[in-house]
Amino acid sequence: MNKNLFYLLWKQMISSALVAILLFCLLPISTSHAAPQNDSITASIQSDSVNSNESTSTEPQIEPTISNGFAHPGVGLTADQLQTMRSMVKQKKEPWYSYYQAMLVSSSASKSIKSSNASASDPSKPASIAFNSQGFNSRFIADGLKAYTQAILYYTTGETVYRANAMNIIRLWSQMDPSQYVYFSDAHIHTGIPLNRMVAAAEILRYTSSPTQELEWTDNDTTKFTTNLIVPVTETFLHNNNRFMNQHNYPLIGAMAGYIFTDNRERYNESVEWFTVNKTAVNQGFNGSIKQLFRLVDKNAATGETVEPPVVEHVEMGRDQAHGGGDLTNAAIISRMLLAQKTKVDPVEGTVSIATNAVDPYEFLDERILKAADFFWKYMLGYDSNWIPVVYSSEPNGNAKGIYYRFSDSYRGRMNTANFWDLYYYYTYIRGIDLKEKAPYYYEAFHKRIPSNYYHQGSLKINWDNVDGGGDFWLYLPKEAVEEGSSNLPPSQTNAAFIELEDRYVAFDPRSATKKQDELSYVEVNASPQGSRLVFQNISYADRSNSRLIGLRFRTNGEATVALSNEKNSQPYHTLQLPDTQGQWRYITYDMGIQYVSYGQLDKEYNLLYLTITGDSSTVDLDHLNVLAGQQLSPPVFVTGAQKEVIPTFTGAPIMVDFSATDLNVNDDVYYSSNGLPEGSILDEHTGRLTWTPEATGNFSFLLTASDGTTVSTKKIQIQVESNRSQAINVATDTYNPDTSYTSSSIRVFNDVYKETVDGLNSATDEQFVNQLIQLKKQTEQLQQLSPELADGSLDYSTIATHSTFGTSISMLVDNNNNTYPVYTLSLYPNLYHIIDFGSDYKVSATKFGLQSRMNFVDRMAGSIVLGSNDNTHWVRLTPAESRFTDEMDILNVAEDQQNQQYRYFKIQMIHPQKDVLSDRVQNLMELGEFRIYGQRHEIVQN
């Protein structure tokens with residue numbers, strides 16, 4: 001088709017305004033280069049088998065084409081790559097064949113696929129021709145993947161149905177109305193990937209032979225697909241170089257695909273520079289180019305100190321690691337298109353270049369993408385990593401508007417958003433570089449990656465279906481990868497309940513190693529007194545709306561302790577006491593707790609698990625986590641609780657204590673045991689009843705085990721034997737502090753039991769007095785402080801508030817991590833406030849309050865004050881000042897005349913919402929990361 005005729009067609013189809021846009025965007029489009037049809041195509045690859053003896057004469061043929069300097073097909077996939085993939089799949093060669101089989105599980109691979117935007121009355125017509133909402137965009141996302149998958153399957157199998165499906169979807173979307181495209185929230189983020197996929201499908205269909213005339217790609221297909229989809233999607237949603245970090249690259253992925261398809265050299269060259277340097281971006285702080293996103297940091301943005309030598313830092317890792325992984329996947333997807341076009345760039349400016357010193361995208365800026373990938377995976381794998389504060393938003397003059405002060409721990413350890421594994425094959429087989437030496441953390445992550453189809457939170461996920469792209473990396477494997485066969489394929493996941501620990505862990509000392517016994521692989525840990533440390537990645541627990549119970553399958557030849565934590569050196573959130581199972585595999589369970597289900601911590605806690613295992617030279621083998629333990633296991637539950645129990649007694653007094661446990665499975669028999677019982681004591685293995693008459697003083701500790709043969713529950717027991725009754729009373733009350741104020745209800749019960757105990761000092765029998773001592777110890781431990789404190793001396797209100805608008809997320813405000821937070825929807829919009837209620841029996845006085853925003857969202861705390869009330873209606877302002885625009889904890893002093901006043905309710909209210917640092921707009925959102933009350937709780941005296 002010549003240029004003039006093409007423009008005449010445009011004028012017949014669209015308004016003059018759109019014509020102007022098209023003239024600006026598009027260069028002449030070459031005619032279709034479909035190969036001659038072959039009516040004898042009968043090739044077939046079923047989901048469970050491949051016919052490797054199929055004649056090549058029946059295969060769809062590709063006619064590689066060069067047009068205006070562009071190679072076609074060339075939206076990432078080239079003719080050579082497609083031919084390599086097909087050949088390897090048909091011969092069942094690994095690793096292609098396994099990846100192909102995994103793709104077939106996708107619903108998008110079904111032969112009966114239908115367009116998500118097809119009209120119910122006429123499937124050849126769109127249900128809607130208006131592209132103007134997120135809801136409608138979901139159809140585009142679905143159909144982009146369908147068209148891409150069907151086109152791949154057509155080329156691989158030659159089956160007509162796949163070509164028909166793909167052509168039908170593309171022809172349907174080619175009927176959209178360019179005048180009815182309207183930008184909607186986040187459109188630039190969520191339209192790039194589906195456009196890329198649909199254009200890639202069109203490239204395959206356009207340059208391959210068709211079995212029938214009606215399924216041939218025509219010039220009319222090119223015109224309508226370009227005019228009604230590529231151009232309006234690009235111009236309405238994608239063409240902008242001032243988006244935030246990976247929001248810059250998602251649209252670039254789609255736009256660049258369109259430029260390749262339409263042979264738009266000017267726009268393509270522009271997009272290449274936007275990808276590499278993007279020097280015209282207004283805000284270089286959040287510029288999403290290779291140069292700025294994977295930044296060479298030479299100065300500490302917080303202190304101004306020079307960094308020597310400079311280091312490559314992946315900037316968006318200060319935001320969170322899901323976006324961080326997406327950045328690298330995006331870089332790989334865009335690089336695939338540049339490599340397909342054999343595009344090289346100036347090594348500094350990043351502009352398209354044919355000079356002798358020009359480099360490909362991975363070579364650009366001294367292998368910047370690879371260095372960022374290595375930096376990313378060092379942190380993601382759980383290693384100690386250093387972060388240099390870096391600007392993430394800046395004024396046009398370069399002054400900082402916002403700084404990332406530290407790594408974000410959100411999504412740390414999650415692997416399912418990282419799909420840039422073809423980087424390994426590029427360096428290994430194309431460049432001949434040993435990544436184990438050049439990028440050891442990326443190399444390690446490659447060998448610990450999750451399989452294509454995996455279980456996440458108990459549900460099967462298909463990597464091919466990833467809405468953020470990258471699951472097709474295996475299509476880009478060079479033919480040389482056949483040498484490795486299946487050796488580098490990740491182990492498959494066959495059970496939704498199990499996370500196999502040996503598949504992905506890092507050991508921080510030489511006392512842990514992977515072992516195999518028969519068909520069972522596991523991690524063997526030699527527990528030591530100083531502690532053996534490991535970390536496990538991609539720990540995605542199942543949906544725990546009904547159960548939060550997790551099971552650890554283990555075996556031991558001695559007792560050991562396992563401490564579970566979020567970070568390598570942080571305080572454990574669970575400590576498991578492992579018994580000596582004498583080499584038998586057992587489960588032990590733990591409850592993750594509601595705080596690990598709440599919004600702010602959900603994704604962080606589900607991905608990285610640090611273990612410190614201590615013991616006296618015992619061996620601990622770890623097999624897997626059962627994330628559906630609440631449904632599949634019934635652990636024995638001790639009647640008196642799982643917490644450590646201290647029993648005070650004295651010599652000569654008989655002890656008879658019931659340590660029985662219940663089991664929800666009525667068919668399970670519970671047996672009790674312990675390897676460390678005091679000499680002369682007897683534990684009934686059927687009832688859990690312990691009897692003993694101590695003859696000497698001392699501290700006797702042992703681990704009690706209740707087992708149903710599958711699962712064990714353990715309980716630490718300490719029997720402290722004194723020489724007389726008075727000394728035993730002191731043991732029972734050793735945690736009581738006369739200088740501490742306790743709630744009247746708890747101190748009243750304690751005093752009553754104490755009096756009863758003292759009254760029986762000389763009159764009670766030994767058996768009666770021991771039972772009284774046990775009760776006294778229990779009541780001592782149940783004393784409730786009137787004003788419990790956090791480590792910084794502030795009031796631990798999270799444990800004593802009777803109600804708050806923070807709900808179950810209130811504990812996140814006192815955990816010393818402002819990257820865990822009650823989500824902004826909990827604040828009472830549009831009033832932007834939170835209320836804490838201490839109940840009708842208590843009031844609190846305060847001298848100051850501390851407020852800190854959610855990490856990196858300073859505007860969601862700034863401009864706030866604290867008020868007090870006793871009726872939840874009339875409020876008194878307590879802090880004359882309002883919180884400043886700062887990342888740090890901001891301390892607000894209470895007005896002097898209010899420092900002794902007591903209030904039942906406190907309200908944190910944002911009275912002056914401020915502009916954020918990214919969009920420079922007032923968002924009217926409130927999201928606290930930390931909150932402190934420096935004061936005392938007071939009990940209301942009832943008349």
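Predicted model: local features only at pLDDT ≥ 70, side-chain atom pairs only at ≥ 80, totals over all residues.
## Tyr754, a partly exposed tyrosine

With a relative accessible area of 36%, Tyr754 is partly exposed; buried means under 20% relative accessible area, exposed over 50%, and partly exposed in between (1.4 Å probe, protein chains only). Tyr754 sits in helix α21, residues 744–759. Helices (H or I, at least four residues) and strands (E, at least two) are DSSP runs, numbered from the N terminus.

Setting aside neighbours within four places in sequence, Tyr754 is in contact with Ile729, Thr733 and Leu776, where contact means heavy atoms within 4.5 Å. From C-alpha to C-alpha, Tyr754 and Tyr903 are 33 Å apart in space, and 149 residues separate them in sequence.

Residues are numbered from 1 along each chain as its sequence is written, and side-chain values use heavy atoms, with hydrogens and water left out.

The pLDDT, which is the predictor's confidence in each residue from 0 to 100, averages 91 for the protein, and 91% of the residues score at least 70. Over residues 1–57 the pLDDT is below 50, and this stretch has 129 contacts in the model beyond near neighbours in sequence. The pLDDT is also below 50 over residues 594–605, a stretch with 40 contacts beyond near neighbours in sequence.

## Two helix pairs

Let us turn to helix packing. Helix α9 (residues 219–238) and helix α10 (residues 246–261) have their axes 10 Å apart and pack at an angle of about 150°. Axes are lines fitted to C-alpha atoms, for helices over the stretch in contact, and angles run from 0 to 180 degrees between N-to-C directions. The two helices α9 and α10 are therefore roughly antiparallel to each other; angles under 35 degrees count as roughly parallel, over 145 as roughly antiparallel, 65 to 115 as roughly perpendicular and the rest as oblique. Their crossing is left-handed, a term used if the near helix is turned anticlockwise from the far one by less than a right angle, with right-handed used if clockwise. On the α9 side, Thr222, Phe225, Thr226, Ile230, Thr234 and Leu238 meet Pro251, Gly254, Ala255, Gly258, Tyr259 and Phe261 of α10. Sorted by class, the residues of this contact are seven nonpolar, five polar and no charged. Here Ala, Val, Leu, Ile, Met, Phe, Trp, Tyr, Cys and Pro count as nonpolar, Asp, Glu, Lys and Arg as charged, and the others, Gly among them, as polar.

The second pair is helix α4 (residues 96–104) with helix α5 (residues 134–157), whose axes come within 12 Å and cross at roughly 130°. That makes α4 oblique to α5, and α4 passes α5 in a left-handed crossing. Tyr100, Met103 and Leu104 of α4 make the contact with Thr149, Ile152, Leu153, Thr156 and Thr157 of α5. This contact has five nonpolar, three polar and no charged residues.

## Buried places

Helix α15 spans residues 422–430, and its residues Asp422, Leu423, Tyr424, Tyr425, Tyr426 and Tyr427 are buried. The cover over the buried residues of α15 includes α13 (321–340), α14 (364–380), α16 (435–438) and α17 (440–447). Just after α15, Gly432 takes a positive phi of about 65°.

Phe931 is found in strand β38, residues 928–939, and is buried with a relative accessible area of 0%. Not counting residues up to four places away in sequence, Phe931 touches Tyr797, Leu813, Val814, Ile836, Phe849, Gly850, Leu851, Val866 and Ile908. Phe931 and Ser617 are 314 residues apart in sequence and, C-alpha to C-alpha, 44 Å apart in space.

## Backbone details in the loops

The peptide bond from His72 to Pro73 is cis, with omega near -10°, and Pro73 lies in the loop between β4 (70–72) and α3 (79–90). Another cis peptide bond runs from Glu94 to Pro95, with omega near 5°; Pro95 has its place in the loop between α3 and α4.

Asn538 is not a glycine, although it has a positive phi of about 55°. Asn538 is in the loop between β15 (532–537) and β16 (549–556) and is buried, at a relative accessible area of 4%. Asn872, also a residue other than glycine, has a positive phi near 65°. Asn872 lies in the loop between β34 (864–869) and β35 (876–877), and at 36% relative accessibility Asn872 counts as partly exposed.
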